Amino acid sequence: GLIRDVLLHPEQYSAFLLQAYDKAFEDGVLTEEELQDPSDLSDALEIPPRQAARIATMAAINAAVEDGKVTVAEMALIEGSMESAKLSDEDKQKIRDALEDGVIDDEEKEMLDEILGKFD
């Protein structure tokens, strides 16, 4: 049932989880309560923790660039998510560099997709 569906269509479940994280991150502050829904969802969908952390990283990036500038609080969320995702130091630095101007261009979007995966 569900496990087979997740294995056959991981992008659909990843996109669904990304939406849940986007909602949690939309105000730039993540509370324990806001984190609970996506955490429960990733557990229910049996998405591995590292993959869920990559999805959370993308959601934090989406929230941060929405207004064209990345605040210290938003960067802290991104840093925490990157740590949970166990990204390499090189990949973390690429993401930091991409966020410097607060805008993700097409080339940076492609780089993020390579590092974090594609969720749409």
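Modeller: A residue is called buried when its relative accessible area is under 20%, exposed when over 50%, and partly exposed in between. Please keep in mind that this is a predicted model.

Biologist: What makes Asp 113 count as buried?

Modeller: Its relative accessibility is 16%. Buried means under 20%, so the term applies to Asp 113.

Biologist: Why is the contact of Asp 113 with Lys 109 called a salt bridge?

Modeller: The N to O distance between their side chains is 2.9 Å. The rule asks for a Lys or Arg nitrogen within 4 Å of an Asp or Glu carboxyl oxygen, so the pair qualifies. The two residues are four apart in helix H7 (residues 106-116), which means that about one helical turn separates them. Lys 109, at 30%, is partly exposed.

Biologist: How many salt bridges does this rule give?

Modeller: The count comes to five. One of them joins Glu 79 and Arg 96, at 2.6 Å from N to O. This pair links distant parts of the chain: Glu 79 lies in helix H5 (residues 72-84) and Arg 96 in helix H6 (residues 89-99), 17 residues apart.

Biologist: Is Lys 92 buried or exposed, and how do you know?

Modeller: Lys 92 has a relative accessibility of 7%. That value is under 20%, so Lys 92 is buried. Its salt-bridge partner Glu 83, with closest N and O atoms 2.7 Å apart, is partly exposed at 48%.

Biologist: Which residues are linked with Lys 92 in a network of salt bridges?

Modeller: Glu 83 and Asp 89 are linked with Lys 92 in that network.

Definitions and conventions. Residues are numbered from 1 along each chain as its sequence is written. This is a predicted model: local features need pLDDT of at least 70, side-chain atom pairs count only at pLDDT 80 or more; totals for chains, interfaces and linings use all residues. Side-chain values use heavy atoms; hydrogens and water are left out. Buried means under 20% relative accessible area, exposed over 50%, partly exposed in between (1.4 Å probe, protein chains only).
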